[in-house]
Amino acid sequence: PFLKPVDAEGLGLHDYYDIIKKPMDLGTVKKKMEDREYRSAGEFAEDVRQIFHNCYRYNPPDSDVAKMGRKLQEVFELKYARMPEEPVQTDPTPPSSVASGVTRGDEGSGLS
């Protein structure tokens, strides 16, 4: 789970899109990173957290999927908390000495 969009039709989850209004998965997050769609680490974290929000909203708390979601979120939050804070660049072309990726910025919590 979590790597690709939920195949609601294939899994017979006929109510999935009635309950989940903002689907998100790690493959979509990766593509958005590669396409540089995130303006801050906070936007990136918001999408990752949306995956967990959807997981907990749709699946019973004692289900295997919810248990996997909690474990993955725990790992994500620990790693994210350790990211160094760096100033957000206004120039879209990073200097050659800066590794590509997302820098930590303002946090957003606007999960829907």
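1. **Arginine 39 and its partner.** Arginine 39 is exposed, at 67% relative accessibility. Here buried means under 20% relative accessible area, exposed means over 50%, and partly exposed lies in between, with a 1.4 Å probe and protein chains only. The side chain of arginine 39 meets that of glutamate 43 in a salt bridge, 2.7 Å from N to O. A salt bridge needs a side-chain nitrogen of Lys or Arg within 4 Å of a carboxyl oxygen of Asp or Glu. Glutamate 43 has 23% relative accessibility, so this residue counts as partly exposed.

2. **How to read the values.** This is a predicted model, in which local features need pLDDT of at least 70 and side-chain atom pairs count only at pLDDT 80 or more, while totals for chains, interfaces and linings use all residues. Residues are numbered from 1 along each chain as its sequence is written, and side-chain values use heavy atoms, leaving out hydrogens and water.

3. **Overall layout.** The protein chain has four helices and zero strands. From the N terminus on, the order is α-α-α-α. Helices (H or I, at least four residues) and strands (E, at least two) are DSSP runs, numbered from the N terminus. The chain has 112 residues, of which 29% count as buried. Take the contacts with a separation of 6 or more: residues 24 or more positions apart account for 59% of them. A contact means heavy atoms within 4.5 Å.

4. How many salt bridges does a search of the whole structure find? The search finds six. One of the pairs is aspartate 35 with lysine 31, whose closest N and O atoms are 2.7 Å apart. Aspartate 35 is partly exposed, with a relative accessible area of 40%. Lysine 31 counts as partly exposed too, at 49%. Glutamate 74 and lysine 71 also meet through their side chains, at 3.7 Å from N to O. These two sit three residues apart in helix 4, so about one helical turn separates them. Glutamate 74 is partly exposed, at 45% relative accessibility.

5. **Aspartate 47.** Is aspartate 47 buried or exposed? Its relative accessible area is 4%, so aspartate 47 counts as buried. The residue lies in helix 3. A network of salt bridges links Asp47 with Lys22 and Lys32. Leaving aside residues up to four places away in sequence, aspartate 47 touches Lys22, Met24, Val29, Lys32 and Tyr38. Aspartate 25 is 22 residues away in sequence, and its C-alpha is 8.2 Å from that of aspartate 47.

6. **The largest nonpolar core.** This core has 13 residues, and Val29, Phe44, Val48, Ile51, Phe76 and Tyr80 touch the most other members. Helix 3 and helix 4 (64–81) each supply at least two residues of this core. The largest share, seven residues, comes from helix 3. A nonpolar core is a set of buried Ala, Val, Leu, Ile, Met, Phe, Trp, Tyr and Cys residues joined through side-chain atoms within 4.5 Å. Look next at phenylalanine 76: it touches Phe44, Ala45, Val48, Arg49 and Phe52, not counting residues up to four places away in sequence.

7. **The second largest pocket.** About 380 Å³ of space lies in this pocket. There are 18 lining residues, and Pro1, Phe2, Val6, Tyr16 and Val65 are the closest to the centre. On a 1 Å grid over the protein atoms alone, a pocket is an open set of points where a 1.4 Å probe fits, with protein on both sides within 12 Å along at least five of seven lines; lining residues have an atom within 4 Å of a point. Grid points are joined across faces, edges and corners, and the volume is the space filled by probe spheres set on the points. Helix 3 (residues 41–58) gives the most to the lining, with four residues. The lining divides into 13 nonpolar, two polar and three charged residues. Ala, Val, Leu, Ile, Met, Phe, Trp, Tyr, Cys and Pro count as nonpolar, Asp, Glu, Lys and Arg as charged, and the others, Gly among them, as polar.

8. **Two backbone angles to check.** Most residues other than glycine have a negative phi. Phenylalanine 2 has a positive phi of about 80°, although this residue is not a glycine. Phenylalanine 2 lies in the segment before helix 1 (16–19) and is buried, with a relative accessible area of 13%. Arginine 36 also has a positive phi, near 55°. Arginine 36 lies in the loop between helix 2 (26–34) and helix 3.
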